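Hello,

Here is the structure for you to look over. My notes follow it.

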Amino acid sequence: MGFSGVLDGRLRPFANQLFARPARSIRLDPTHLTMLGLAVGLMAAAFASQRWWLAALVAFAANRLLDGLDGAISRQQGSGSDRGAYLDIVADTTVFVVLPLGIGIGHDRSHVWLATAVLLGSFAVNLISWSHLSALLERRHAGASTTGELTTVTMPKGLVEGTESMAWFVLFLVAPQQIVWWMLSMAVAVVVGVIVRVSRGMTQLDEMAGHRRVENVGADA
């Protein structure tokens with residue numbers, strides 16, 4: 001798609017190499033790490049709801065480390081599966097939704113709740129903008145196996161991806177006094193990414209449909 005997060009595209013190869021080293025010596029079921037990561041992520045939300053910002057930050061950092069490890073171990077063991085990938089993305093999405101809710105509970109102010117609603121709304125639109133496009137690309141054999149991505153299905157690029165999301169969430173917990181501005185700035189960046197992704201996705205789908213029509217005409221001839 002030619003469009004990627006500002007940080008994610010640059011740091012992801014480094015992160016993959018970093019997690020690959022400990023993954024070689026860990027003999028655990030990646031699914032167990034995924035569930036442990038989910039539990040720790042939910043703890044981060046619980047800590048945030050009590051305004052225990054440092055504890056929430058530590059728990060969130062542990063969640064991200066476990067998320068990186070489960071994928072690295074899965075690749076190292078050759079045990080990757082659709083089941084594991086599905087559980088992983090559900091767990092990640094749950095943490096990234098529940099943590100802002102915990103932060104909203106911790107502040108318990110109407111303007112913070114409004115910013116939280118805007119942020120979660122942008123997440124919902126972002127989710128459908130990439131997930132359905134991913135399904136269409138996979139159906140047209142232009143998915144992860146074609147792009148060379150390490151994910152089970154293709155993940156159409158956006159402005160805010162894993163690394164950028166993690167950076168914003170760290171800001172939520174490190175400087176909670178500015179939470180409204182952090183949340184709104186992230187929501188704006190997510191929406192901008194959605195607009196660009198949808199525009200480029202529509203163009204890509206149109207081009208693929210055009211190629212298919214040309215192939216069908218050639219076959220009929």
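Below are the notes on helix packing and ring pairs.

This is a predicted model: local features need pLDDT of at least 70, side-chain atom pairs count only at pLDDT 80 or more, and totals for chains, interfaces and linings use all residues. Residues are numbered from 1 along each chain as its sequence is written, and side-chain values use heavy atoms, with hydrogens and water left out.

Helix packing. Helix α4 spans residues 82-107 and helix α7 residues 162-174 (helices are DSSP runs of H or I, at least four residues, numbered from the N terminus). They pack at about 20°, with axes 11 Å apart (axes are lines fitted to C-alpha atoms over the stretch in contact; angles run from 0 to 180 degrees between N-to-C directions). α4 and α7 are therefore roughly parallel (under 35 degrees). Phe 96, Leu 99, Pro 100 and Ile 103 of α4 make the contact with Ser 165, Phe 169, Phe 172 and Leu 173 of α7 (contact means heavy atoms within 4.5 Å).

Ring pairs. The structure holds six aromatic pairs (Phe, Tyr or Trp rings, the six-membered one for Trp, with centres within 6.5 Å). Phe 96 and Phe 169 have ring centres 4.8 Å apart and planes at 70°, so the pair is edge-to-face (over 60 degrees). This pair ties together parts 73 residues apart in sequence. Both residues, Phe 96 and Phe 169, are buried (under 20% relative accessible area, 1.4 Å probe, protein chains only). Phe 123 and Phe 169 are stacked, because their planes are at 15° (under 30 degrees). Their centres are 6.5 Å apart. Ring pairs link Phe 60, Phe 96, Phe 123, Phe 169 and Phe 172 into a cluster.

Best wishes

Key:
Helix = DSSP H or I, 4+ residues; strand = E, 2+ residues; numbered from the N terminus. Parallel < 35°, antiparallel > 145°, perpendicular 65-115°, else oblique. Buried < 20%, exposed > 50% of the residue type's maximum accessible area, 1.4 Å probe, protein only.
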